[in-house]
Amino acid sequence: MSLRRGVTNLSRFLLEEQRLFPEATGDFTLILEQIAFAAKIISREVNKAGIVNILGKADSSNVHGEEQQKLDVYANEKMIQALDHTGKICAMASEEVDDVIDIPSKYPKGKYVVVFDPLDGSSNIDVNISIGTIFAVYKRISPEGSGCKKDFMQPGRNLVASGYVIYGSSTMFVYTTGRGVNGFTLDPSVGEFLLSHYNMKTPNEGGIYSINEANYHKWDERIKKFVEHIKNIKERQYTSRYIGSLVADFHRNLLKGGVFLYPGDTKNPRGKLRLLYEANPLAFIIEQAGGKAIDGENNILDIVPDNLHQKTPLIIGSKFEVELFQKYWTGELK
Ligand code: P6P
């Protein structure tokens, strides 16, 4: 892709990528642009959460019985409003909504479905820790009209795009369409996402491991052996970094190298994180950036879902550390 000198904004980058595919209709480009638009709106609210009285708990809870922060509800609404009228999608799904979200009958239906976690890590809002939006796009399977659950029950291998927005010291939009990973940083003075991280690659081995060690007593022995191994690698001194906000932990490890683990344990055998709108989108990104994502034994992207909100253990990051875990998990290393 010929990148012109100077500033490349997300719109130009998407158009240049679209032009590589003569058969492209631009539907896809519009979906990603609208997600980026929603991200700008959410970023504005996240960055003034401490000022405007939108902190604290909404008087509702989500499908998992977790109290919804007002910003969760707000972010969910903005994602839906940014996409529902485009005529490019036939259904949506969200961490915050039990069932498939239908496109209002007044709007045309398109050939894609979008699934998202509108504001992951929202429990960190009140303590000013980076949080994020995570999204994934599939081509529909159902023939026409309104989409349905079947459109979402596809393995991550079928994804046509995925990405995340991190609301941190700056707001970044990071995505892949299967042709590498690119990152764009929001310049609030012009309201544009500008290309800042071209063709992102994660180091083949890192120096960071991220896991909630408070769960140590619930870990399978193989997890304990992996962590012990990492702590005692002679060639490299690892450091433990765990923010407790998936997008923030993932983004740091993507850039610096390392491994994030949210494994299953005796209390939660499938862990805590969700396959469709947390593990899959980040697994597509990390594979495109040269890393790996597994549930212990299998690649995350090969898992065939049977539920919108199903959980999966997630071990994701640099190939060396993920494959080392896989050797312990599968018994190759004792
Ligand atoms: P724990 C935030 O609530 C979240 O869903 C992810 O963003 C984060 O990685 C994980 O939970 C942290 O969970 O159990 O370590 O607090």
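**Stop one: the ligand**

Select Asp120 along with the ligand: a polar atom in the side chain of Asp120 sits 2.5 Å from a ligand oxygen atom. Keep in mind as you click around that this is a predicted model.

Then pick Leu246; here a polar backbone atom lies 2.8 Å from a ligand oxygen atom. How much of the ligand's accessible area does the protein cover? On its own the ligand has 400 Å², and the protein covers 79% of that.

Want to see who else is around the ligand? Show its surroundings, which include Gly121, Ser123, Tyr242, Gly244, Ser245, Phe260, Tyr262 and Lys272.

**Stop two: the nonpolar cores**

Now select Phe152 and Tyr164. In the largest nonpolar core, which has 42 residues, these two touch the most other members. Color helix α6, residues 275–288, too: with nine residues, α6 gives the most to this core. Why does the core lie between two domains? Domain 1 (10–197) and domain 2 (208–330) each give residues to it, so it lies between them.

Zoom in on Tyr164 and show its contacts. Leaving out residues up to four places away in sequence, Tyr164 touches Thr133, Ile134, Phe135, Met172, Phe173, Val174, Val247, Phe250, His251, Leu254, Leu282 and Ile285.

For a last stop, select Leu14, Ala82, Phe116 and Ile125. They are among the 38 residues of a second, separate core.

Technical notes
Residues numbered from 1 in each chain as written. Predicted model: local features only at pLDDT ≥ 70, side-chain atom pairs only at ≥ 80, totals over all residues. Heavy atoms only, no water. Core = buried A, V, L, I, M, F, W, Y, C linked by side-chain atoms within 4.5 Å. Buried < 20%, exposed > 50% of the residue type's maximum accessible area, 1.4 Å probe, protein only. Helix = DSSP H or I, 4+ residues; strand = E, 2+ residues; numbered from the N terminus. Domains from an automatic or database assignment. Contact = heavy atoms within 4.5 Å. Near = heavy atom within 4 Å. Polar contact = N/O pair within 3.5 Å; in protein donor to acceptor, adjacent residues only side chain to side chain. Areas by Shrake-Rupley, 256 points an atom, 1.4 Å probe, with all protein chains shown as cover.
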